[in-house]
Amino acid sequence: MPFVIRCLDCGHAAPYFPTSTNCPRCNSQWREAEYDYETLSKTLLLQLSNRPFDLWRYRELLPVRNPNASLSLGEGGTPLIQAVNLGMMLGTPNLFIKDERQGPTGSFKDRQAAVTIAALKEAGITEMVAASTGNVAISYSAYASRAGIKLWAFVTSLVPAVKMREIALYGSQVVKVTGSYDQAKQVAAEFARQRNLYQDMGARTITSIEAMKTIAFEIAEQLTALQGPAKPANGKPIVWRAPDWYVQAVSGGMGPLGVYKGFRELQQMGLVNRIPSIAVIQADGCAPMIQSFKQGLETAVPVTSPKTHIETLATGDPGRSYSLLRKEVLETHGTFESVSDEEAFRAMHVLAKMEGLSAEPAAATAFAGLFKLIRAGVIKPSDTIVVNCTGHTMPAEEFILGSNWTRDVEFPAQKAETPQEGLLSALNQVAPERFHRVAIVDDTAEARRLIRRILQSQGDFTIYEATNGKEGLQLIERELPDLIILDLMMPEMDGFAVLDALRANADTANIPVIVATAKELTPDEKNRLGTQIQTLMQKGDFLNDEFLEEVKALIK
Ligand SMILES: *Cc1c(COP(=O)(O)O)cnc(C)c1O
Ligand SMILES: [Zn+2]
């Protein structure tokens, strides 16, 4: 399948060689691959029909002529996971996570490395240079080992030691640069120039953008399987579906630039009818894109000394990537937002505890941004949202979990007891007796499950559940819990009536109550509740932390 490399500045089209990084006419380094979309729109679907779900499925749209199967580590084809619990907490039922943690080395950089190394191998290149905040070098290092390519990896001294060890383990040379990531890039560039070696050019690398766009292709196919194709536009059927939002934590911007190009190509081939709004999230301590955008600047003002613990996101000077991304964000009605390190770490806990996904802080940054954008009303409850969960937490930094995350069970030595009894009594040492007792009265099973999950994720609660007001009242009178979480709209007996009955009984009159309701309350109803309850929480907008703080405050 023919493709050309089109210069973004002068429009000149040239054939592709991985080693030629500049436009032969105007010398620009900003170029992109262009395919025969007209022909592909007629042939692609047929070609896809019996291929496995991985990155090479879209090989006609990749700049590698003969993909070498022996280099593959199973890149691409990551699952699109519906975030049911998180969606319920946020009030956004159509929330999906593109789980890029499931790449061969645990981050979405595996796409970039797989395609780039395949192209370099095809071109006969045997040695290369890359600057990295960790993950790119890990991915390149793994693929380079398979391809017999020597990698010089330039990393900053802030990259966690476990990540450096991982790079070295695959046989690459790690060069530690004391300085910022931007400085490490300069040192790497100078090294590559002196030795005349191929150098990774970040977002200017054709293969990187092309690799990242496969995320868009996969999302469109997976969303179609889950939600069906988009509605036909002026009589023309649409084959696939694009989400309303694509949310990603951004350092250099390669991911969203690639994903945008992917959706644009799908649109050109008539497979989707829109490009999703792009939400670019950065860490407050290194947010040149967000700051520049909010000041209305078309080019980015670099951050010279990044102040974030999230080293993966520490690109201080995004260069022209920002300007390109800004255009795409404006065109798609997307947005730029930043979050604090603390917000990112908190989001990391929420993601793990609510959805079973352990993500590295950089990936969690996207979720913290999501929470912020939903709260601000930028992302709407009915929107279909895809968040890129870009990387796995391993290797985990110590400070993320903090102390107190295990409970010790001592296996007792006494001979008198049978081992099983011994183990049981040992388990009773972590028993629920002394845990605070919470009654959940709610007629929706999903809401009960969510509240239970939020409480359980933090440990020490014994939880009782009732499915309607009447049953709830009996339960409360019998168990006399420390706290009641009460729904208002329920069959048999509604929450207002339950409250009246509780207050009329001396045994239950002083048990604190949190009302959690999906209902918009009238001023009258609010007044009525005002004197009777401790806290009112609207379902959908209560987040893990706030809710738990309320619970803890009331129980103490
Ligand atoms: C590289 C990386 C990012 C940032 O990606 P860009 O699209 O290049 O800005 C985010 N998260 C993780 C885990 C990464 O490895
Ligand atoms: Zn040019």
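**The zinc site and beyond**

Analyst: The zinc ion (ligand 2) is coordinated by Cys-7 (SG), Cys-10 (SG), Cys-23 (SG) and Cys-26 (SG), at 2.3 to 2.4 Å. Donors are N, O and S atoms within 2.8 Å of the metal (3.2 Å for Na, K and Ca), and water is not among the atoms, so sites may look incomplete.

User: Before we go on, what kind of model is this, and how are things counted?

Analyst: This is a predicted model, in which local features need pLDDT of at least 70, side-chain atom pairs count only at pLDDT 80 or more, and totals for chains, interfaces and linings use all residues. Residues are numbered from 1 along each chain as its sequence is written, chains are lettered from A and ligands numbered from 1 in the order in which they are written, and side-chain values use heavy atoms, with hydrogens and water left out.

User: Back to the zinc ion (ligand 2): why is the arrangement of its donor atoms called tetrahedral?

Analyst: The 4 donor atoms subtend angles of 103 to 115° at the zinc ion (ligand 2), and therefore the arrangement is tetrahedral. Four donors count as tetrahedral if all angles lie between 85 and 135 degrees. Ideal angles at a metal are 109.5 degrees for four tetrahedral donors.

User: What spacing do the donors of the zinc ion (ligand 2) follow along the chain?

Analyst: Their spacing is C-x2-C-x12-C-x2-C.

User: Is Cys-23 buried or exposed? And what about Cys-26?

Analyst: Cys-23 has a relative accessible area of 3%, so it is buried. Cys-26 is partly exposed because its relative accessibility is 34%. Buried means under 20% relative accessible area, exposed means over 50%, and partly exposed lies in between (1.4 Å probe, protein chains only).

User: New topic: where is Arg-65?

Analyst: Arg-65 is in the loop between α1 (37-48) and β4 (80-82). Helices (H or I, at least four residues) and strands (E, at least two) are DSSP runs, numbered from the N terminus. With a relative accessible area of 49%, Arg-65 is partly exposed.

User: Which residues is Arg-65 in contact with, leaving aside its neighbours within four places in sequence?

Analyst: They are Phe-3, Tyr-16 and Glu-122. Contact means heavy atoms within 4.5 Å.

User: Now the helices. How many residues of α4 are buried?

Analyst: In α4, 11 of its 13 residues are buried, so the helix is mostly covered. Among them are Val-136, Ile-138, Tyr-140 and Tyr-143. The elements that cover the buried residues of α4 include α3 (109-122), β6 (127-132), β7 (150-156), α5 (161-169) and α7 (206-227).

User: What span should helix α4 have?

Analyst: At 1.5 Å a residue, the 13 residues of α4 (residues 135-147) should span 18 Å, and the end C-alpha atoms are 18 Å apart, which agrees. The expected span of a helix is 1.5 Å times one less than its number of residues.

User: And how many residues has α6?

Analyst: α6 has 15 residues and reaches 21 Å from its first C-alpha to its last, close to the 21 Å expected at 1.5 Å a residue. Its buried residues include Tyr-181, Asp-182 and Phe-191. The buried residues of α6 pack against β6, β7, β8 (173-177) and β9.

User: What follows each helix?

Analyst: α4 is followed by Gly-148, with a positive phi near 70°. α6 is followed by Asn-196, whose phi is also positive, near 55°. Most residues other than glycine have a negative phi. Asn-196 lies in the loop between α6 (181-195) and β9 (198-199), and Asn-196 counts as exposed because its relative accessibility is 70%.

User: What is the phi of Leu-480?

Analyst: Leu-480 is not a glycine, yet its phi is positive, about 40°. Leu-480 is in the loop between α15 (469-479) and β16 (483-486).

User: Finally, what pLDDT does the protein average?

Analyst: The average is 89, and 90% of the residues score at least 70. pLDDT is the predictor's confidence in each residue, from 0 to 100. Over residues 416-420 the pLDDT stays under 50, and the model has 3 contacts beyond four places in sequence for them. Residues 423-432 also have a pLDDT below 50, with 12 contacts in the model beyond near neighbours in sequence.

Conventions: Four donors count as tetrahedral if all angles lie between 85 and 135 degrees; four count as square planar and six as octahedral if opposite donors are over 155 degrees apart and all others between 65 and 115; anything else is irregular.
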